[in-house]
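Thanks, everyone. Let me put the model up, and then we'll walk through a few places in it.

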Amino acid sequence: GPRIGVFALQGDVREHLRALESCGASATAVRRPSELDSVEALVVPGGESTTMSKLSIEFGLIEPIRKRIAGGMPVYGSCAGMIMLAERVLDGRPDQESFGGIDMTVRRNAFGRQVDSFEGPVTLSPFDDPFHAVFIRAPWVESVGEGVEVIGRAAGRIVAVRQGSLLATAFHPELTGDPRVHRHFVEMVRAALNVTEG
Ligand code: GLN
């Protein structure tokens, strides 16, 4: 299967590695630029985006990841990973950086201001049946640019988006055993690789 890395400086890395393997990908942890070079796509896990920002700068990963995104590498981000894929972050730390790529504004800990965690069914446009989504101090998407496809909403807020080969969810499909989001991403990766290889 396609070689998909999981950003592994912080976050729920093992859960994503397992989910990707179960979808037929060859999944590997990415902590350094040489490991990034060896993968065809990337997942940015749930966790803490301020720490991901800090460590990706310290470990020299932020610029290589930005370059790969600009070059068309498919990336999926869940929760903190969604924040890392946002061009604009509200309620971030003053020095917080993201990888960017998706033309959207996200607000950190947005749902968490009322209640830290909640779960429930969310309708996602790629799937026929509702997806049981787990939100943990989750961001929401405040606004998207024209090129961004909104694929899911919860409590009236945008919680899942796609732009080209970039996919992001405010919730954590890696925690609940429903493989559909990872399967969808692996299909996006296969499609992107077929185009590249002609
Ligand atoms: N609140 C975290 C952040 O701002 C995200 C939480 C999560 O990934 N579950 O990065």
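One definition to start: a residue counts as buried if 20 or more other C-beta atoms lie within 10 Å of its own, as exposed if 12 or fewer do, and as partly exposed in between. Keep in mind that this is a predicted model.

Take R137. It has 17 other C-beta atoms within 10 Å, so it is partly exposed. Where does R137 sit? It is in the loop between β8, residues 131–136, and β9, residues 140–144. Setting aside residues up to four places away in sequence, R137 touches N109, G112 and D116.

Now E48. This one lies in the loop that runs between β3, 41–44, and α3, 49–58. E48 has 16 other C-beta atoms within 10 Å, so E48 is partly exposed too. Beyond its neighbours within four places in sequence, E48 is in contact with Q10 and A80.

Last stop, helix α1, residues 13–22. Which of its residues are buried? V13, H16, L17, A19 and L20 are. Look down the helix axis: these buried residues fall within an arc of 165 degrees, so they line one face of α1. After the helix comes G24, with a positive phi, near 90 degrees.

That's my tour. Over to you.

Terms used
Residues numbered from 1 in each chain as written. Predicted model: local features only at pLDDT ≥ 70, side-chain atom pairs only at ≥ 80, totals over all residues. Helix = DSSP H or I, 4+ residues; strand = E, 2+ residues; numbered from the N terminus. Arc of directions from axis to C-beta. Contact = placed C-beta atoms within 7 Å.
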